[in-house]
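Here is a short briefing for reading the structure shown below, arranged by topic. Please keep the sequence and the 3D view at hand while going through the points.

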Amino acid sequence: MTEIKPSTSPLCPTEQSLLKPISSLAEAYHRCQTLGMRLSRQRKYILELLWTIEDHLAAREIYDRLNQQGKEIGYTSVYQNLEALSSQGIIECVERCDGRLYGNKNEIHSHVNCLDTRQIIDVQVQLPPEIIKQIEAQTGVKISEYRVDFYGYRGDRQEQDK
């Protein structure tokens, strides 16, 4: 996600709109237009898919799903559009050891990573202020935002290991 540095001058309406999380497909389209990005057919296909499934997908999965839907689009076009959308903060890009996954959330949030299914679930986590203060005291860094990654298994793992 692109970080926007705070300034001492008041933000113009366009700058204020760029700080707001995108919560709908229409808002994603609007953000593209505000940033001067062309809303090509391929870009619309990708955004529609990400907002419909509300999951994290690899570029190859997005390519396969769109082509299965009869929306002919090349793999290079999918990849280039994903990179453009994620670099502008319109969609999320999650880096994993086995590649990048893309999702429709652009707001600050945390993830639960299921080790059984490899699914990533978006969650909102509010850490207690004492923990934030403890981290700030240990590091000397004033925390302005954070993300937490949780890892676990869907069923009772101990029962499976018996």
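Leaving aside its neighbours within four places in sequence, which residues is H56 in contact with? In this predicted model, the residues that H56 contacts beyond those neighbours are E61, E92, V94, L101, Y102, G103, H111, I120 and D122. The points below begin with this histidine and go on to the nonpolar core, the aromatic rings and the confidence of the prediction.

**Surroundings of H56**
- H56 lies in the loop that runs between α3 and α4, and its relative accessible area of 8% is under the 20% cut-off, so this residue counts as buried.
- The H56 side chain makes a polar contact with the side chain of E92 at 3.0 Å, and the side chain of H56 also reaches the backbone oxygen of I120, at 3.2 Å.

**Nonpolar core**
- The largest nonpolar core has 23 residues, and those touching the most other members are I46, L47, I62, L82, L85, I90 and I91.
- At least two residues of this core come from each of α2 (25-34), α3 (41-53), α4 (59-68) and α5 (75-87), with α3 giving the most, namely 6 residues.
- When residues up to four places away in sequence are not counted, I62 touches I46, L49, L50, L57, V78, L82 and Y102.

**Aromatic rings and charges**
- The model has a count of 1 aromatic pair, formed by Y63 and Y75 in an edge-to-face arrangement, with 5.8 Å from centre to centre and 85 degrees between the planes.
- This pair links distant parts of the chain, since Y63 belongs to helix α4 and Y75 to helix α5, 12 residues apart.
- Y75 has a relative accessible area of 35%, which lies between the 20% and 50% cut-offs and therefore makes this residue partly exposed.
- The charged end of R60 sits over the ring of Y75, 5.6 Å from the ring centre, while the charged end of K44 sits over the ring of Y29, at 5.9 Å from the centre of that ring.

**Confidence of the prediction**
- The protein chain has a mean pLDDT of 82, and 83% of its residues reach 70 or more.
- Among the elements of the chain, α4 has the highest mean pLDDT, at 96, whereas helix α1 (residues 13-19) has the lowest, at 48.
- Over residues 1-17 the pLDDT is below 50, and this stretch has 15 contacts in the model beyond near neighbours in sequence.
- Where pLDDT is low, the predicted coordinates should not be read in detail.

Note on methods
Residues numbered from 1 in each chain as written. Predicted model: local features only at pLDDT ≥ 70, side-chain atom pairs only at ≥ 80, totals over all residues. Heavy atoms only, no water. Core = buried A, V, L, I, M, F, W, Y, C linked by side-chain atoms within 4.5 Å. Buried < 20%, exposed > 50% of the residue type's maximum accessible area, 1.4 Å probe, protein only. Helix = DSSP H or I, 4+ residues; strand = E, 2+ residues; numbered from the N terminus. Contact = heavy atoms within 4.5 Å. pLDDT = per-residue confidence, 0-100. Phe/Tyr/Trp six-rings, centres within 6.5 Å; stacked < 30°, edge-to-face > 60°. Lys NZ or Arg CZ within 6 Å of the ring centre and 35° of its normal. Polar contact = N/O pair within 3.5 Å; in protein donor to acceptor, adjacent residues only side chain to side chain.
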